[in-house]
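Have the structure open while you read.

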Amino acid sequence: MHPRLPLPEASDGDDLEDFLAWLREAIPQVAHYGIHSPAWDATTLHWQVALDANLNDKGTGFGGALAAETTLLGWCWTTLWLRARGRAQDVVIAEGQQRFLAPVTTDYHMQCFPLEADGIARLEASLAEKGRGRITLVQRVYCGDTLCMEAQSSYAVLK
């Protein structure tokens, strides 16, 4: 088992570059995705991705890599959200689906946010009551302003 990243000091939050460096070590495949420039604004996690690390035989984004990256982005959203609240709990994907809308032809950016406006409040309530919970997140992949892929994934927070 890979050692857990220590929780950030109270109200400090995670340094996203440090978190990404830890993630590359904890999950070796992540080092090959070309992910960079993570950013967190309120309830949305963003990052940039280099296309050349994720090409298919047609010279566009490989669907399998995009699916893995959206899954990872949601896992990171949930993990970072928990860590900001001082909670070191395991997160797993429970289910997910993707829609590929346009080819990914350039470097791209991704974003992740809760599907439902009350999703965070419901997760907080479940964690307080049961010590575990679930949240459904939306992950989007854009080339410039073009939405190329959208995923919805449900993540379980374990006790």
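This is a predicted model: local features need pLDDT of at least 70, side-chain atom pairs count only at pLDDT 80 or more; totals for chains, interfaces and linings use all residues.

1. Let's begin with the second largest pocket, which holds about 150 Å³ of space. Its lining includes Gly 13, Asp 14, Trp 40, Trp 77, Trp 81 and Ile 120. Helix 2 (residues 63-84) gives the most to that lining, with four residues. Sorted by class, the lining has eight nonpolar, two polar and two charged residues.

2. Now for the salt bridges: the structure holds seven. One of them pairs the side chains of Asp 14 and Arg 83, at 2.8 Å from N to O. Asp 14 sits in the segment before helix 1 (16-26) and Arg 83 in helix 2, so this pair ties together parts that are 69 residues apart in sequence. Asp 14 is partly exposed, at 21% relative accessibility, whereas Arg 83 is buried at 8%.

3. Next, look at Arg 134 and Glu 95, whose side chains meet in a salt bridge (3.9 Å, N to O). Arg 134 counts as partly exposed at 45%, and Glu 95 as exposed at 54%.

4. Finally, Glu 150 forms a salt bridge with Arg 99, with the closest N and O atoms 3.5 Å apart. Glu 150 is in strand 6 (residues 146-157) and Arg 99 in strand 3, 51 residues apart. Glu 150 is buried at 14% relative accessibility, while Arg 99 is partly exposed at 46%. Both belong to a network of salt bridges that also takes in Arg 140.

Note on methods
Residues are numbered from 1 along each chain as its sequence is written. Side-chain values use heavy atoms; hydrogens and water are left out. On a 1 Å grid over the protein atoms alone, a cavity is a set of points where a 1.4 Å probe fits but cannot get out, and a pocket is an open set with protein on both sides within 12 Å along at least five of seven lines; lining residues have an atom within 4 Å of a point. Grid points are joined across faces, edges and corners, and a volume is the space filled by probe spheres set on the points. Helices (H or I, at least four residues) and strands (E, at least two) are DSSP runs, numbered from the N terminus. Ala, Val, Leu, Ile, Met, Phe, Trp, Tyr, Cys and Pro count as nonpolar, Asp, Glu, Lys and Arg as charged, and the others, Gly among them, as polar. A salt bridge is a side-chain nitrogen of Lys or Arg within 4 Å of a carboxyl oxygen of Asp or Glu. Buried means under 20% relative accessible area, exposed over 50%, partly exposed in between (1.4 Å probe, protein chains only).
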